[in-house]
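Thanks for coming, everyone. I'll keep this short. Please look at the sequence and the model on the screen.

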Amino acid sequence: MKLSEQDSELFYKLMIPLQYYICVRGGILDYVKSTRDFFNASLSEKKKVRDYLFGHIEIIDDFIEDNAHQFDRDEIDILLSWKHFVSGNFIIDRLLNKYAVFIGGEKVYAVLALQDSFREILGGNSFPMYVTTILLPFKGQIIYDGILEPYGISFGGGMRSSVKDIYIIAKESGTIVHDLLAVPSQVYKFPAQKIRKELSKLIAEIQETSQYIERCELSTTDANRVLNLLKATVQFSVQRFNSSDKYGDDNEMAYLQYKKLKQAFRKYESG
């Protein structure tokens with residue numbers, strides 16, 4: 001779940017001179033006079049430079065224009081791609097063999113470590129884990145910028161379940177983000193045919209169940225109200241799911257089924 005040694009060296013070959021350039025340009029660390037000085041700076045000092053860089057991302061253009069290190073076209077393209085960074089708070093849900101699962105809001109990212117694996121960096125900490133970092137595109141993959149700040153926040157059972165659900169949904173729907181440069185149509189591919197097939201199967205099962213219940217002897221008024229509400233819900237769902245006419249007879253039928261559903265709900269509610 002980390003970059004190859006060659007790619008890791010390439011990352012630092014680009015990032016350290018860039019941050020040194022930012023350090024000098026922004027006058028952030030006065031004592032830093034070389035890339036070696038910057039490499040040996042403390043984490044908190046590097047974070048100041050990092051924050052300045054991603055707060056003034058247009059400086060990358062100036063760095064490329066100067067090109068004092070004579071980077072080639074492929075290396076310049078990587079530098080330009082970093083303008084599409086994603087920063088913020090993330091939840092590391094799990095560590096897989098190929099990548100770590102980072103969750104930011106409702107999005108799930110497949111993230112690779114740099115020289116050291118996430119397990120080596122984070123030690124024996126349990127997951128999910130709350131962290132702050134910056135995600136960067138790198139040769140069709142996603143990495144982090146080198147600074148990962150974990151927070152000692154414990155997750156309760158409900159939160160753990162919610163985080164797991166976000167990952168499972170993204171995995172099953174094929175929406176895990178593997179490349180920050182991918183256009184939306186390439187990243188978000190919801191399997192509409194599969195969803196429709198599963199929904200059709202579910203509606204058929206509910207319809208069959210409601211017909212079976214209808215043949216049973218129900219002794220209480222409340223049970224009959226529940227049955228009528230279930231039947232009305234199924235009929236409305238079937239009609240809308242199978243509808244092919246946006247404005248014609250199907251739409252009128254949907255309205256009638258909706259009225260029946262509403263009436264059944266009122267009878268159940270008033271019971």
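One term before we start: buried means under 20% relative accessible area, exposed means over 50%, and partly exposed lies in between, with a 1.4 Å probe and protein chains only. This is a predicted model, where local features need pLDDT of at least 70, side-chain atom pairs count only at pLDDT 80 or more, and totals for chains, interfaces and linings use all residues. Residues are numbered from 1 along each chain as its sequence is written, and side-chain values use heavy atoms, with hydrogens and water left out.

Confidence next. pLDDT is the predictor's confidence in each residue, from 0 to 100. The protein averages 80, and 73% of the residues score at least 70. Two stretches need care. Residues 185-191 fall below 50. Beyond near neighbours in sequence, that stretch has 14 contacts in the model. Contact here means heavy atoms within 4.5 Å. Residues 244-249 are also below 50, with four such contacts.

Now the overall picture. The protein has eleven helices and six strands. These are DSSP runs, numbered from the N terminus: helices are H or I with at least four residues, strands are E with at least two. Of the 271 residues, 36% are buried. Take the contacts between residues at least 6 apart in sequence: 63% of them join residues at least 24 apart.

On to helix packing. How does H1 sit against H3? H1 is residues 5-26 and H3 is residues 43-55. They pack at an angle of about 85°, with axes 9 Å apart. That makes the two roughly perpendicular. The cut-offs: under 35 degrees is roughly parallel, over 145 roughly antiparallel, 65 to 115 roughly perpendicular, and the rest oblique. Axes are lines fitted to C-alpha atoms, for helices over the stretch in contact, and angles run from 0 to 180 degrees between N-to-C directions. H1 brings Met15, Leu18, Gln19, Ile22, Cys23 and Gly26. H3 brings Val49, Arg50, Tyr52 and Leu53. By class, that is seven nonpolar, two polar and one charged. Nonpolar covers Ala, Val, Leu, Ile, Met, Phe, Trp, Tyr, Cys and Pro; charged covers Asp, Glu, Lys and Arg; the others, Gly among them, are polar.

H1 also packs on H4, residues 59-66, at about 110° with axes 11 Å apart. This pair is therefore roughly perpendicular. Pro17, Leu18, Tyr21, Ile22 and Arg25 of H1 meet Ile59, Ile60, Asp62, Phe63 and Asp66 of H4. That contact has seven nonpolar, no polar and three charged residues.

Thr133 is in strand E4, residues 129-138. Is Thr133 buried or exposed? Thr133 counts as buried, because its relative accessibility is 1%. Leaving out residues up to four places away in sequence, its contacts include Phe90, Phe102, Tyr144 and Ile147. Its C-alpha lies 6.5 Å from that of Glu149, 16 residues along the chain.

Lys46, in H3, is partly exposed at 21%.

Last, Ser81, in helix H5, residues 73-81. Ser81 is buried at 8%. Beyond four places in sequence, Ser81 touches Pro137 and Leu181.
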